[in-house]
Structure formats: C-alpha cells, structure tokens
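Biologist: Could you walk me through this one? I'm new to reading models, so please spell out the terms as you go.

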Amino acid sequence: MTKRKQTFIDQCIAHADQALRTVFGEPIGSGRENPAQPASDNELSATDKAESIRLMRVNHAGEVCAQALYQGQALTARSQKTRSKMTQAAVEENDHLSWCRQRIHQLGGHTSLLNPAWYAGSLAMGAASGLLGDKWSLGFLAETETQVVKHLEGHLQRLPADDSKSHAILQQMQTDEAKHQATAIKAGGVELPVPVKKMMTLMSKIMTTATYRI
Ligand SMILES: [Fe+2]
Ligand SMILES: [Fe+2]
C-alpha cells in the first residue's frame, strides 16, 4: 500500500470518527470550562424549561452543522494554512456542541433526531465550498458566522429570563462566533453574492424551524 493511500485512509478514519462523535458521541473540545458552570441554577417553570430545551436543541443542531461545514471544508481546502484554521475553529465549535448538549440533558430534553441529516447536508456543502477555492470557502464561513451571531442575538432575547445557565452558554458562543467570522475575513474570505446569502438564510430558517419541533 502506498503512503498516499495510507494517508487517504487515515483521513477517512479520522473524519468518520469526528462525524460519529459530533452526531452521537462526546466531541473533543479545547477543554475550556463550560460557561454555564458558574451561572446560577434557577428553578424554571415547566413551560420555561420546555422552551429552553427547544431553543438549545436548535443551537445544538446549529453546532452539528458548524462541525460538518468545517470538517467538509478542511477535506477540500487548498492551502495548509486554511486547513489548519478550519481544524482549530472546529475544536472551539466542539466546545459549543458539548455545552449545548450538556444543558439540554440537564433540562431533561433530547437533541434533535434530525442531526444526522443536518450533518450530512452540511458536510457536503462545506466540501463543495472548499472546492470553489479558499477565498470563497472562507467567505462562506464568514457569512455563516455572521448569520449565527444574529441568530444567537435572537435566541438570547427569546430564552426564559431565569435560565441563566443557557444564557451564559449562548453569550460565550456569540463571542466565539464573532471571532471566527473575523478570522475568516482576515484569512482572505470574500463577500458572497446577495442571492447566495439569501439562500443560506432560507436554509437556516428551514433547519431551525424543523429542529425546534423534532
Ligand atoms: Fe459554534
Ligand atoms: Fe463558529
């Protein structure tokens, strides 16, 4: 077996492992403390608890998509520098994934049953954008993060006021996503055409609406 083939097989195994961890298992993050840890654990009404579970389920699914996008782009990114930036951001997204999942379980809820489908679709989109070249894939990433920051702003307004732990998680995620957006622009990401941005908004609307329920 040639070295090239071994490398390809190694990559496939590593990506399959990441995929399974993202959708079903324990993702490997940066080891940062969960921001919910120091936040007060207020008693929530049954209605508030159910709403927090639904919103955090959407955010968890968003992080599954983020993982898949980053992993897909890392598969096809042309430059080593871009690949390593994608991989580093994916580690931070793993923190978000773990924090959201832990909070959903604390509240007695479950993650979305649709996650395998979101993962597969986002992986394909990430790989396709990577094939267009680094400036476009970084632009796609920057636009994704811009939209996620706006989305998180909305969820911070909608979360029950007493749910301090979920608030703390979303605030830290918002800070990280803004940083990822700035990094992607700095690395050479270009502005996407308006129709592409509109299509991305529409797709995320479909994802968030479905995941809120299932
Ligand atoms: Fe994230
Ligand atoms: Fe991000």
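Biologist: Which element has the highest mean pLDDT, and which the lowest?
Modeller: This is a predicted model, where local features need pLDDT of at least 70 and side-chain atom pairs count only at 80 or more, while totals for chains, interfaces and linings use all residues. Residues are numbered from 1 along each chain as written, with chains lettered from A and ligands numbered from 1 in written order. pLDDT is the predictor's confidence in each residue, from 0 to 100, and helices are DSSP runs of H or I with at least four residues, numbered from the N terminus. The highest mean, 93, belongs to H6, and the lowest, 66, to helix H1 (residues 3-23).

Biologist: How do H3 and H6 run relative to each other, roughly parallel or roughly antiparallel?
Modeller: Helix H3 (residues 80-106) and helix H6 (residues 164-186) pack at about 165°, with axes 10 Å apart. Axes are lines fitted to C-alpha atoms over the stretch in contact, and angles run from 0 to 180 degrees between N-to-C directions. Under 35 degrees counts as roughly parallel, over 145 as roughly antiparallel, 65 to 115 as roughly perpendicular and the rest as oblique. So H3 and H6 are roughly antiparallel.

Biologist: How far apart in space are Ala19 and Asp134?
Modeller: In sequence they are 115 residues apart. C-alpha to C-alpha, the distance between Ala19 and Asp134 is 23 Å.

Definitions and conventions. Helices (H or I, at least four residues) and strands (E, at least two) are DSSP runs, numbered from the N terminus.
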